[in-house]
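Here are some notes to read with the structure open beside you. Take the points one at a time, and find each residue on screen as you go.

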Amino acid sequence: MQEYLSNGRLLRLCLKELRESLRDRRTIMTLIMMPILVYPLLSMAMQRLLLGAVSAPSGQLEYVIGVADETTARVISLALRETQKAASEGVRPSIEIIRPAPKDANTNPLSQRLNETNGEGENALNRSESAPGIENGMGINSPTAGAIRTNQQAAFSIVVPERTTVSTSLADGQLDLAILSASVERFPFPNGVSIPLFEFKMEFRDGDPRSEMAMAEFRKAMQLINDYQSALLRGNRLPASVTLVSNAVGQRIDPMASLAGVLPLVLILMTITGAVYPAIDLTAGERERGTMEAMIATPAPRFVLLLSKYVAVVTVAVLTAVANLFASWVTLSLGGLGRALLGERGFSFWTLIQIFPLLVIFAAFFSAILLAMCSFARSFKEAQAYLIPVMLVSLAPALVTLMPNVEFSTLLGIVPLVNILLLSRDIMTGASTTLPAFAAVLSTLLYAAAALVVASRLFGGESATSGSQESWSDLMRRPKRRFPTPDIGELAIYLALLFPVFFVATNLAGQWMLSIEQKLLVNALLLCVLFLLAPGFFAIYRRMDLKKTFLLRLDGTENPNGLPRPVRLLGVFAASCLMAAGLWIVAYEALKLLSDLGFGTIDLQKTAALEEAKSRFREVPFWLIFLTSALIPAICEEFFFRGFVLSAFRSRLHPTRAVIYSALLFGVFHVVNGNVLSIERFAPTAILGLALGFLAVRSDSLWPGILLHAIHNGLLFWLTRFNQSELAEWLGSDSEHFPTAWIVASVGSIAIGIVVLYFSTLKRSDEVSS
Amino acid sequence: MIVAKGLRKQFMVRGQTLVAVDRISFTVGNGEVYGLLGPNGAGKTTTLRMVMGLLDPDEGHVEIGGVRTDIDPIAIRSQLGLISTNDGVYPWLTVREMLMYFADLYAVEVPVAQIRLEELAELLNIRSFLDQRCSTLSTGQKQRVTLARGLMHDPPVMLLDEPTRGLDVVGSQTVFEFIDLLKKRGKSVLLSTHRLDEAERVCDRFGLLHHGTVRYEGTLDDLRTLTGKYHLVDMFIDLIREDRQSVPSPTAGA
């Protein structure tokens, strides 16, 4: 494969695929024409939707008021007739309903605006100024007599819900307003005239524009009565004509949040649209054109063939994403819709810069899925038939993200497509959180890698060339031949399965109310299952050579030097002890340094809680801590990272690169720490991973690494047995850091360990080369 | 040099086992054209695919230049060239781009590929449309591009799968000239066809396939002696007749 990956050949192969895609007018149509057409149209549709969502429904609207019984209905009708009378006398309402501009996610835009535009606002209704009343002599309308129009804008019809309470009907959306109780009293004047004094207790749906508007209109109407009577009876101090107590009920629905989710969905759908045609054309299209057979008859590895196609599809998808992102940015910025959708910040250029990498990651993921789906299709038509269900299936969870109050929780971070949608939405509204974001990005990349591996195995397979009945199921079949170690493809598939399970499991375990001892045991159990048993079973199922994959031999050196075996072994194990003796101090200092630099995730305010947790931790017997936090992790993690992962990388890569990649992966997995993201753990763990990888490659055995890992973890946890003052006393310096002499000694110990290891595992080839 | 030994391949079709090729053996020497002949469904394409390493034989193996293909099926592919009836071209690429693409797939270095491209352009008369997009080419031009594509990596072994199907007289003549060229360059050519008249013109030796087995093998003279028929067509008609007689049918003897 090397000759295809070097000399710019891969680049030329990619260029061929890109040329083929980009010279096709259909690709260009999707790439350029679609964004030009879609966003202005979408913008118009959104503007209409937005007006409907956040402002008063205009025109002759009729609101439905629910009342508990007929008596209440009569009181309401009476009040509404009073408003008609006031209006007919030419009284203008002192409350104006302003169509509010959005938004502050935590406040009710409507009520806020009402209060802002009219300083008296709701209070005006409760003012104790009224006038000597006039008997209006009006009868009370029957509730069924039709809607009562209070002014030119709004009309109210009054209903008595059958079988349910008004509150339930309101919650169900059958009513716009619910009046729980209404009373009217006559306030008599000495001249025999009386005025009605109303009191209402009502409810409306919080965040529902229609219900909020109904409430505002009703309040405005009632204010009319107050204004009318205070104008008539100027100077007389009376109780308020209308006393109105309103209550917002239900979970607040923020119409903006759901609308803000539309944009990422549209962007992602358009990115998909851009990728679909090239994905089909470069896979099923090859077969339909009759170029597939000639291509796969060449010695070029299928993975390389597919990789070049993948690069082309991702490039077209990213170009589509850029075109769409730019078009949407221009449309939203020019039309002012950005602010309406996304708040005061609008759709800033910075937001655009943040969203772009997400779209690239998504393009990388979905292109791989598309290629996997199309790779075993024999024609364009067949590929389309496979893709349509995939698109529909992915749309369903995508629509979930449009629902209001869907929070980007940690667990949703690993759900493909949904995670990127929610993350984009949160970035746009400025509310993103680190842990789900990390999970979203990492899991999407892992899924992409796994899908690409699947695609490369399906691409040009027998099913695509000879018409036999083989398909997806072949991938899961147990291989007939024995393979010595896993390859990178198998690793990608295993990681794509492992990461979500690991992530969910550590999160759930973090949420359970467990004692410290139980937590330690659960964590150890998880490690055993995910890093020891599962890869073990996977290796057995795939007929791998277990001894070779997991470096199980005590002395794996294949080309030993002249040293006797016991001396060689002694050297290797002594080296691991020496390295462990130094590494834990280096790891501790690196962790401290990174925390000091602000990479720490431990909140200072939580220090007290942390101290308490530490003191409880000190009560746990040390043998249990050693077992669950040092010995079991050492065995399981070495088994997986220096066994499975390193072997997989070594199957294709130079050992140095294999060690580096496995160390990076080791670091990444340690960043997810229960339900917090400990970024500061990455570097120290990756350094430990490098040392362990180096040890495994040199010794060709897992056991020295297990020893090093167990001592390293054991010493670090032993340190937690002491409280600050004990540490200070013991170290003879400030409790935060080790004395310089210790640090120098630890570096020296590591260096000596490396030298001892080098000479103990010196192979004849090394001697020759040196 | 191609050596096929005891090749066997069966497929599962709707739950039933179908033996496509049943223990076929043959040898093709350098500078020799071997005709793998047979009616549709005789197993010609399956045999070619096994020689190419696109299909793993259930039994037997193939050697190319003395190296077994199942040991390193990928590496052996650079020794093989393939031209098939169904071969298409990339409509959006120019002829030059397409040929250079295949040179890359065969890991031919760019300067070498450029020299070879010039040589083939002359030999197959494609120079005039080298920089034209493939979608604009006529059928005959496309065919010549396909032939050039098969030689971009100058393989010692060439596999031709029904190369004249669907071509007119001029097109077929181009293919015959191409085969002559291959022969002169000392390449081993394995030609699968059901056009027996054409096979007589270009092949040195023949393997007559029927129901997945080689029924007759040898030079045209060998076959004539063996079957007592002069033309390949007559030999085949005999084969098919034998087949019908061996399968009793309700109308047999009527």
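1. Start with β6(B), a strand that is mostly covered: five of its five residues are buried. This is a predicted model, so please read every value below as computed from it. L80(B), L82(B) and S84(B) point one way from β6(B), while G81(B) and I83(B) point the other way, and all are buried.

2. Who is the neighbour of β6(B)? Strand β7 (residues 157–161) of chain B pairs with β6(B) in the parallel sense, over five bridges. To find the pairing on screen, look for L80(B), which stands opposite V157(B) in β7(B).

3. Now try β9 (residues 205–210) of chain B, another mostly covered strand, with six of its six residues buried. On one side sit R205(B), G207(B) and L209(B), and on the other F206(B), L208(B) and H210(B); both faces are covered, and all of these residues are buried. Notice that the list includes R205(B) and H210(B).

4. Which strands pair with β9(B), and in which sense? Strand β3 (residues 33–37) of chain B runs parallel to β9(B), joined by four bridges, and L37(B) stands opposite L208(B) there. Strand β10 (residues 213–218) of chain B runs antiparallel to β9(B), with five bridges between them. In that pairing, G207(B) has E217(B) as its bridge partner. β9(B) and β10(B) form a hairpin with two residues between them, and H211(B) in the turn has a positive phi of about 50°.

5. Chain B also has an open sheet of four strands, in the order β2-β1-β4-β5, with antiparallel pairing. Its edge strands are β2 (16–28) and β5 (67–68) of chain B, each of which pairs on one side only. Between β1(B) and β2(B) there are nine bridges in the antiparallel sense; V13(B), for example, stands opposite Q16(B) in β2(B).

6. Stepping back to the whole of chain B, you can count nine helices and ten strands. Of its 254 residues, 53% count as buried. Among the contacts in chain B with a separation of 6 or more, 68% are between residues 24 or more positions apart.

7. Next, look at where the two chains meet: 34 residues of chain B are in contact with 33 residues of chain A. Together the chains bury about 3,000 Å², 57% of it on carbon and sulfur atoms. Y90(B), W92(B) and L105(B) supply 23% of the area that chain B buries against chain A, more than any other three residues.

8. What kinds of contact cross this interface? There are 13 residue pairs in polar contact and six salt bridges. β1 (2–13), α1 (44–52), β6 (80–84) and α3 (95–105) of chain B each supply at least two residues of the side that touches chain A. The largest share, five residues, comes from α3(B). By class, this side of chain B has 19 nonpolar, five polar and ten charged residues.

9. One salt bridge to find by eye is D104(B) with R12(A), whose closest N and O atoms are 2.7 Å apart. D104(B) lies in helix α3 of chain B and R12(A) in helix α2 (residues 9–22) of chain A, so the pair joins two chains. D104(B) is buried, with a relative accessible area of 6%, whereas R12(A) is partly exposed at 28%. R19(A) and E97(B) also meet in a salt bridge, at 3.5 Å from N to O.

10. Last, compare a salt bridge inside chain A: E286(A) with K16(A), where the closest N and O atoms are 3.3 Å apart. E286(A) lies in helix α10 (residues 284–289) of chain A and K16(A) in helix α2 of chain A, so the pair ties together parts that are 270 residues apart in sequence. Both E286(A) and K16(A) are buried.

Terms used. Residues numbered from 1 in each chain as written. Chains lettered and ligands numbered in written order. Predicted model: local features only at pLDDT ≥ 70, side-chain atom pairs only at ≥ 80, totals over all residues. Heavy atoms only, no water. Contact = heavy atoms within 4.5 Å. Buried area = accessible area lost by both parts, 1.4 Å probe. Salt bridge = Lys/Arg side-chain N within 4 Å of Asp/Glu carboxyl O. Polar contact = N/O pair within 3.5 Å; in protein donor to acceptor, adjacent residues only side chain to side chain. Nonpolar A, V, L, I, M, F, W, Y, C, P; charged D, E, K, R; others polar. Buried < 20%, exposed > 50% of the residue type's maximum accessible area, 1.4 Å probe, protein only. Pairing = 2+ DSSP bridges.
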